[in-house]
Amino acid sequence: MLMRHNMNRTVISVLLASALLFSGCDMFRRMAGRPTAAELDRMRAEMMAEKEAEHQARIDSLRRVEKMLADSLSVLDSLRQMNGTILNPSEMGGLFTTRLEARYYIVVGSFLDRSNAEVFLGEVSASGYVPTLINFRNGFNAVGIMPSDNLRDVLSSLRQVKAETFCPDDVWILVNE
């Protein structure tokens with residue numbers, strides 16, 4: 001009888017071990033409310049896809065920045081070939097009272113005497129441009145035209161303005177930062 005009891009235990013143990021072996025851990029995972037191996041694989045694949053998408057978005061962003069830098073360098077090279085200059089208001093002592101709306105202006109004249117700047121402003125207006133009087137802290141009054149937020153557009157406008165009779169050789173671009 002004892003032998004039969006041990007044999008029953010052995011058979012039951014073998015059957016349980018077989019059940020575990022053939023059913024795998026997924027049965028116990030399901031019973032414990034945990035994800036199965038297939039669900040874990042699907043979640044891993046989704047996480048990898050998300051990470052790949054984030055990585056691709058970073059690469060795309062870097063490529064856009066790289067293109068913008070290349071475009072800016074090409075514009076600056078073109079400006080250098082035209083013997084153009086770009087200045088920031090801080091290099092002129094900063095702006096005094098003028099609030100500028102655009103990032104870039106083509107400065108066609110700069111005068112210490114405000115009345116000379118106003119006369120030149122009228123001359124530029126008569127040529128069909130809409131000039132802006134820009135006052136600097138160092139006392140200079142500049143006449144700016146062709147405001148734009150795009151440096152490439154300003155460069156194109158600079159070529160046009162340089163052909164005007166009122167435009168001096170030392171025309172420059174103001175960067176309003």
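Residues are numbered from 1 along each chain as its sequence is written, and side-chain values use heavy atoms, with hydrogens and water left out. Because the model is predicted, local features need pLDDT of at least 70 and side-chain atom pairs count only at pLDDT 80 or more, whereas totals for chains, interfaces and linings use all residues.

**Exercise 1. Determine which residues of helix H4 are buried and how they are placed around the axis.**

Step 1. Helices (H or I, at least four residues) and strands (E, at least two) are DSSP runs numbered from the N terminus, and H4 is the run of 12 residues at 151–162. From first to last C-alpha H4 reaches 16 Å, close to the 16 Å expected at 1.5 Å a residue, where the expected span is 1.5 Å times one less than the number of residues.

Step 2. The buried residues of H4 are Leu-151, Val-154, Leu-155, Ser-157, Leu-158 and Val-161; buried means under 20% relative accessible area, exposed over 50%, and partly exposed in between, with a 1.4 Å probe and protein chains only.

Step 3. These residues lie on the same side of H4, because they cover an arc of only 165 degrees around the axis, taken from the directions from the helix axis to the C-beta atoms.

**Exercise 2. Describe how strand E4 pairs with E2 and E3.**

Step 1. Two strands pair if DSSP finds at least two bridges between them. Strand E2 (residues 104–111) pairs with E4 in the antiparallel sense over 6 bridges, and Ile-106 stands opposite Ile-145 of E4.

Step 2. Strand E3 (residues 132–135) also runs antiparallel to E4, joined by 4 bridges, and the two form a hairpin with 5 residues between them, in whose turn Gly-139 has a positive phi of about 100 degrees.

Step 3. As for covering, 6 of the 8 residues of E4 are buried.

**Exercise 3. Work out the surroundings of Asn-141.**

Step 1. Asn-141 is found in strand E4 (residues 141–148), where Asn-141 is the bridge partner of Asn-135.

Step 2. Asn-141 counts as buried because its relative accessibility is 7%.

Step 3. Leaving aside neighbours within four places in sequence, the contacts of Asn-141 include Phe-111, Asp-113, Ala-117 and Ile-134, contact meaning heavy atoms within 4.5 Å.

Step 4. The side chain of Asn-141 reaches the backbone oxygen of Leu-112 at 3.5 Å, and a polar atom of that side chain lies 3.5 Å from the backbone oxygen of Gly-139.

Conventions: Polar contact = N/O pair within 3.5 Å; in protein donor to acceptor, adjacent residues only side chain to side chain.
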